[in-house]
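Trainee: Please take one part of this model and go through it closely. Then show me how the rest is arranged around it.

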Amino acid sequence: MNKTDLINNISTKSGLTKKDVESVLNGFLGEITDALASGDKVQLIGFGTFETRKRSGRTGRNPQTGNEIVIPESTVPAFKAGNKLKEAVN
């Protein structure tokens, strides 16, 4: 399912226009992005938690040349599913 499919499904089930649903969805995603960028955690009880994690720096290899390269430390987004979501999937 892509974003367009999600908007269409929510619009059909809620009775809202596609434009309204898209506006709400974009706002929701923007707020999650802003919170993660500032280092906050977003917790949706029963669904899951969006957070950031530190990935430590390491040494890697260029597969074409075999030369070692330094991969710097980075911060990556992560999602941990909540119990209700886990139960729904299983």
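Mentor: Thr49 sits in strand E2; strands here are DSSP runs of E with at least two residues, helices are runs of H or I with at least four, and both are numbered from the N terminus. The model is predicted, so local features need pLDDT of at least 70 and side-chain atom pairs count only at pLDDT 80 or more, while totals for chains, interfaces and linings use all residues. Residues are numbered from 1 along each chain as its sequence is written, and side-chain values use heavy atoms, with hydrogens and water left out.

Thr49 has a relative accessibility of 14%, so it counts as buried. The cut-offs are under 20% relative accessible area for buried, over 50% for exposed, and partly exposed in between, with a 1.4 Å probe and protein chains only. Now its contacts, meaning heavy atoms within 4.5 Å. Neighbours within four places in sequence aside, Thr49 touches Lys41, Val42 and Gln43, and also Ala78, Phe79 and Lys80.

E1 covers 42-44 and E2 covers 48-55. The two pair antiparallel over three bridges; strands count as paired if DSSP finds at least two bridges between them. Val42 in this pairing faces Phe50 of E2. The hairpin of E1 and E2 leaves three residues between the strands, and Gly46 there has a positive phi near 85 degrees.

E2 also pairs with E5. Eight bridges join these two strands, again antiparallel. Arg53 is opposite Val76 of E5 in that pairing. In a regular strand, side chains alternate between the two faces of the sheet.

Now the aromatic rings. There are two aromatic pairs in the structure. In one of them, the ring centres of Phe47 and Phe79 are 5.6 Å apart and the planes make an angle of 55 degrees, so this pair is tilted. Phe47 belongs to the loop between E1 and E2, and Phe79 to E5 (residues 74-81), so the pair ties together parts 32 residues apart in sequence. Rings of Phe, Tyr and Trp (its six-membered ring) pair if their centres lie within 6.5 Å; planes under 30 degrees apart are stacked, over 60 edge-to-face, and the rest tilted.

Phe47 is partly exposed, because its relative accessibility is 39%. Phe79 is partly exposed as well, with a relative accessible area of 35%. The rings of Phe50 and Phe79 have their centres 4.8 Å apart and their planes at 50 degrees, so that pair is tilted too. Phe50 is in E2 and Phe79 in E5, so this pair ties together parts 29 residues apart in sequence. Phe50 counts as buried, because its relative accessibility is 19%. Taken together, ring pairs link Phe47, Phe50 and Phe79 into a cluster. Phe79 is also one of the contacts of Thr49.

Go on to E3 and E4. E3 (residues 58-61) and E4 (residues 68-71) run antiparallel, joined by four bridges. Arg58 is opposite Ile71 of E4. Six residues separate the strands in this hairpin, and Gly66 in the turn has a positive phi of about 85 degrees.

Then helix H1. H1 (residues 3-14) has 12 residues and reaches 16 Å from first C-alpha to last, close to the 16 Å expected at 1.5 Å a residue; the expected span is 1.5 Å times one less than the number of residues. At the start of H1, a side-chain oxygen of Asn2 comes within 3.1 Å of the backbone nitrogen of Thr4. Just after H1, Gly15 has a positive phi of about 85 degrees.

Leu6 is part of H1. Its relative accessible area is 31%, so Leu6 is partly exposed. Leu6 and Val21 are 15 residues apart in sequence, with 9.3 Å between their C-alpha atoms.

Finally, step back to the whole chain. It has three helices and five strands. Along the sequence, the pattern reads α-α-β-β-β-β-β-α. The radius of gyration is 19 Å, well over the 12 Å that the globule rule gives for 90 residues, so the chain is more spread out than a compact globule. That radius is taken over C-alpha atoms, and the rule is 2.2 Å times the number of residues to the power 0.38. The C-alpha atoms fill a box of roughly 55 × 30 × 30 Å along the principal axes. Of the 90 residues, 17% count as buried. Among contacts between residues at least 6 apart in sequence, 29% join residues at least 24 apart.

Conventions:
Polar contact = N/O pair within 3.5 Å; in protein donor to acceptor, adjacent residues only side chain to side chain.
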